[in-house]
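Subject: Structure handover

Hi,

Here is the structure I promised to pass on. Please open it and keep it in view while you read.

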Amino acid sequence: MAFDIDMIKGVYASMGERVDKARELVGKPLTLAEKILYSHLWDGMPTKEFIRGKDYVDFAPDRIACQDATAQMALLQFMQAGKDKVAVPTTVHCDHLIQAKDGAATDLRHANETSKEVFDFLGSVSNKYGIGFWKPGAGIIHQVVLENYAFPGGMMIGTDSHTVNAGGLGMVAIGVGGADAVDVMAGMAWELKFPKLIGVKLTGKLSGWTAPKDVILKVAEILTVKGGTGAIVEYFGPGATSMSCTGKGTICNMGAEIGATTSTFGYDESMERYLRATDREDVADEANKVKEHLTADPEVYANPENYFDQVIEINLTELKPLLNGPFTPDLATEVGTMTDKATENGWPLAVEWGLIGSCTNSSYEDLSRASSIAQQALDKKLKTKAEFGINPGSEQVRYTTERDGILQIFEKLDAKIFTNACGPCIGQWARYKDPKNAPKNSIVHSFNRNFAKRADGNPNTHAFVASPEMTAAIAIAGRLDFNPLTDKLINEDGEEVMLDEPTGWELPPKGFEVKENGYVDPLEDGSGVDVIVAPDSERLQLLEPFEPMTPASLQGMKLLIKAFGKCTTDHISMAGPWLRFRGHLDNIANNTLIGAVNAFNQKTNFVKNQLTGEYEGVPDAQRAYKKAGIKTIVVGDHNYGEGSSREHAAMQPRHLGVAAVLVKSFARIHETNLKKQGMLALTFANESDYDLIQEDDTFNFLDIDAFAPDKPLTIEIVHADGSKDSIKVNHSYNNAQIKWFNEGSALNLIKKENA
């Protein structure tokens with residue numbers, strides 16, 4: 001029996017009529033993405049065609065999912081919204097605050113001790129406001145959502161960028177900041193610029209060593225980390241329907257790494273099989289009644305160039321296994337061609353760890369296929385050269401794989417079975433005592449991101465992304481350039497052996513099973529539940545509203561930092577040990593932009609304080625400006641804010657007194673997060689003006705009092721020698737978003753409207 005089956009039936013009941021009306025308005029057949037978007041309009045029945053990439057549209061998502069790190073700030077904000085209960089089905093999943101070190105049992109016990117205050121807070125807030133709560137150890141949010149909540153044709157938002165994983169079950173599922181989630185929890189519309197559409201036609205069929213992971217690794221190579229920005233990627237074709245549901249989830253999951261708004265697949269038999277295997281026969285039955293609306297119209301897939309803004313075609317039969325990295329998820333290398341490339345770039349060929357799991361690749365199918373390679377190491381008397389780490393995706397997956405002997409295969413190779421949680425994928429890996437001074441090395445993992453320091457805090461760790469089965473093979477061989485299709489290994493008897501192609505099960509032959517899934521249902525009436533935040537807590541802090549910025553405050557602004565090159569949300573607000581402060585804005589603000597590279601000295605966390613002339617850490621300089629009542633500006637390069645949906649990357653600078661972020665281009669979620677927190681998110685009208693910015697500059701916003709949609713702003717830059725430059729900067733604010741700015745934040749506006 002599915003969660004919220006009545007809600008799902010309601011979505012399907014209105015879908016046909018809305019899709020038919022949208023098709024009439026658009027005047028041509030519809031893609032799946034368009035069907036879902038037009039059937040989830042806040043106003044209900046479509047009344048006009050929306051222009052892709054231009055029109056801001058209000059939507060009514062069906063549900064919300066939050067992970068524990070981002071849920072803290074989201075729920076602290078929701079507590080200020082004046083509501084008794086969430087307006088749409090919402091869940092909280094405790095998966096980020098569990099550090100991987102010694103193994104599942106020990107690590108989970110340690111997390112429950114060290115983060116008890118946070119887990120208790122999240123549990124009590126969930127109970128009070130009608131939110132489903134998944135306890136620590138229950139699983140990784142996106143695998144749990146796929147198993148329990150995702151449904152074809154639905155719309156979902158989540159406070160994690162990999163919410164997009166649910167596209168594997170035919171949803172439009174989008175990662176957002178906590179402030180966006182608060183809007184929807186409070187019963188308000190959710191705004192999104194109507195996305196452009198990228199179609200990916202998959203022909204042929206995967207076989208041998210090639211896996212669904214290789215599809216998205218190839219797409220990442222084609223589109224790069226920003227090629228999907230502002231677009232929904234829709235996969236179709238015979239190669240798509242031949243893939244498993246969890247394989248589709250893997251592809252959608254890593255769509256976050258190309259900047260895509262989300263990715264999705266049309267409803268097919270693999271999704272129906274997965275729904276029935278996960279005890280959701282009722283959802284499958286309802287989906288089958290409206291299945292023509294749960295995929296694109298036939299004309300779209302027959303002539304995709306007429307309906308998508310961009311079309312990519314990949315022949316899965318010809319696709320080779322890939323390794324992407326290091327330090328970026330779009331740098332692809334075909335397995336078997338790594339030797340020269342690694343040698344030329346100085347990438348260590350010896351591999352120290354193979355990590356399998358994360359929200360991207362931790363399904364039963366993933367673990368079974370990887371275990372088939374691990375079993376060969378045992379059968380063929382191979383001694384593994386690298387260490388293994390395994391993160392099952394959920395307690396259901398863990399229990400079932402243990403029952404079926406899959407985890408035991410890895411354990412025979414001395415693998416560490418970590419908690420059903422994110423672990424190394426998000427930097428929660430206690431690999432080194434002193435990660436900053438750790439040695440240069442290579443690791444291979446089936447995760448989604450591989451930015452510097454992402455997994456273990458070591459800037460010298462070269463992380464490469466691969467499928468679970470390829471990760472297993474390379475870990476056994478211990479070499480980055482190992483090609484299991486052609487290369488032989490020497491076993492303990494001195495014999496040459498080769499690894500056979502991986503095998504596995506799409507779904508467990510004996511069905512899924514779990515004894516305790518870790519779910520806690522909220523009280524029907526939570527009015528009597530007390531939510532306590534200690535005033536002296538280091539982990540949690542009640543929020544104070546941000547003050548609106550005035551035109552006068554935007555004169556005489558100082559440059560905080562001019563960031564050089566890639567500046568992701570990891571650079572703006574690091575994870576790892578900082579995760580413990582995700583519920584305490586002032587404490588976590590001490591990591592603000594400490595990973596960003598200063599363009600003037602190529603150093604991190606070392607900027608000039610214009611008040612003293614001394615160089616110091618970014619947060620230290622910013623606190624000095626705040627104390628002096630001076631607003632500041634951050635300048636950045638392309639795709640600024642790439643990475644997770646981490647709204648801390650916007651809230652922290654705002655809390656410290658940064659008023660504006662001026663860059664060449666933004667990653668979508670981060671731009672929205674800045675707007676929600678009442679900041680100015682601006683782009684250079686002329687990208688070369690980035691080069692005009694000098695270290696001692698002062699900035700004056702000359703026409704901020706005339707802030708209006710589609711109207712560029714003018715900034716006067718005053719240099720230390722008294723010379724001046726005047727530049728134009730663009731923005732994408734609409735009237736509603738300008739109200740957020742004028743009120744100080746979107747939350748301030750919600751409170752005002754609910755008063």
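Predicted model: local features only at pLDDT ≥ 70, side-chain atom pairs only at ≥ 80, totals over all residues.

**His40**

Find the loop between helix H2 (32-38) and strand E1 (56-59); His40 sits there. Is His40 buried or exposed? Its relative accessibility is 3%. Buried means under 20%, so His40 counts as buried. Which residues does His40 touch, leaving out those up to four places away in sequence? They are Val11, Phe59, Ala60, Asp62, Gly153, Gly154 and Met155.

**Two helix pairs**

Two packed helices are described by the angle between their axes and the distance between the axes.

Start with helix H1 (residues 5-26) and helix H12 (residues 281-289). Their axes cross at roughly 10 degrees and come within 10 Å. Angles under 35 degrees count as roughly parallel, so H1 is roughly parallel to H12. H1 brings Ile5, Ile8, Lys9 and Tyr12 to the contact; H12 brings Asp282, Val283, Glu286 and Ala287. By class, five of these residues are nonpolar, three are charged and none is polar.

Now take helix H3 (residues 68-78) and helix H5 (residues 116-129). They pack at about 50 degrees, with axes 10 Å apart. H3 and H5 are therefore oblique to each other. The crossing of H3 past H5 is left-handed. On the H3 side, the contact uses Asp68, Ala71, Gln72, Leu75, Leu76 and Phe78. On the H5 side are Val118, Phe119, Phe121, Leu122, Val125 and Tyr129. The contact of H3 with H5 has ten nonpolar residues, one polar and one charged.

Best wishes

Notes:
Residues numbered from 1 in each chain as written. Heavy atoms only, no water. Helix = DSSP H or I, 4+ residues; strand = E, 2+ residues; numbered from the N terminus. Buried < 20%, exposed > 50% of the residue type's maximum accessible area, 1.4 Å probe, protein only. Contact = heavy atoms within 4.5 Å. Axes fitted to C-alpha atoms, helices over the stretch in contact; angles between N-to-C directions. Parallel < 35°, antiparallel > 145°, perpendicular 65-115°, else oblique. Left-handed = near helix turned anticlockwise from the far one by under 90°. Nonpolar A, V, L, I, M, F, W, Y, C, P; charged D, E, K, R; others polar.
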